[in-house]
Amino acid sequence: QDDVVEKAAFVIKPSSTFFKVWKCVALIFALFYTVMIPLAVFDYELRVGKYDGGQDDSFNKPVGPWRIVIDCVGIVFFVFDMGLHLHLFVYKREGALVTKPAEFRRLYMRQNFGLDLVCNLPL
């Protein structure tokens, strides 16, 4: 089905089930952060605990433990995603799959690595 430029020992093709499921999970995390980051910035984040809105407690509002866990899992997921792109995920170039690890690693470093690195920095 996919035209292959050069075959490597073990790579994950874009047509594989693992790749499709992995990208669906990435989309779910991306949609979650698309909603939650603006809410956190504008201080409407869901919180655990009681907050009375007093001025002196404005910086001490508790964040729910579920949110901390989801954020940690999301950071680990996207860092692991970068590793998969560097070592296992193949790229399409001009309609053909590039499955030689050195070549798709070079393509990833040129095209997406910088953006992924900046996006994965927990600020």
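The crossing of helices α2 and α4 is left-handed. By class, the contact between α2 and α4 has 6 nonpolar, 1 polar and 1 charged residues. The model is predicted.

**Geometry of the pair**

Two packed helices are described by the angle between their axes and the distance between the axes. The axes of α2 and α4 come within 10 Å. They cross at roughly 165°. Angles over 145 degrees count as roughly antiparallel, and α2 and α4 are therefore roughly antiparallel to each other.

| Helix | Residues | Residues in the α2–α4 contact |
|---|---|---|
| α2 | 65-87 | F78, V79, M82 and L86 |
| α4 | 113-120 | F113, D116, L117 and N120 |

**Helix α2**

At 1.5 Å a residue, the 23 residues of α2 should span 33 Å. The end C-alpha atoms of α2 are 33 Å apart, which agrees.

The buried residues of α2 are R67, G74, F77, F78, D81, M82, L84, H85 and L86. Among them, F78, M82 and L86 also meet α4. An α-helix has 3.6 residues a turn, so residues three or four places apart point the same way.

**The chain as a whole**

The protein chain has 4 helices and 2 strands. From the N terminus on, the elements run α-α-β-β-α-α. Of the 123 residues in the protein chain, 28% are buried. Among contacts with a separation of 6 or more, 56% come from residues 24 or more positions apart.

Definitions and conventions
Residues are numbered from 1 along each chain as its sequence is written. This is a predicted model: local features need pLDDT of at least 70, side-chain atom pairs count only at pLDDT 80 or more; totals for chains, interfaces and linings use all residues. Side-chain values use heavy atoms; hydrogens and water are left out. Axes are lines fitted to C-alpha atoms, for helices over the stretch in contact, and angles run from 0 to 180 degrees between N-to-C directions. Angles under 35 degrees count as roughly parallel, over 145 as roughly antiparallel, 65 to 115 as roughly perpendicular and the rest as oblique. A crossing is left-handed if the near helix is turned anticlockwise from the far one by less than a right angle, and right-handed if clockwise. Contact means heavy atoms within 4.5 Å. Ala, Val, Leu, Ile, Met, Phe, Trp, Tyr, Cys and Pro count as nonpolar, Asp, Glu, Lys and Arg as charged, and the others, Gly among them, as polar. The expected span of a helix is 1.5 Å times one less than its number of residues. Buried means under 20% relative accessible area, exposed over 50%, partly exposed in between (1.4 Å probe, protein chains only).
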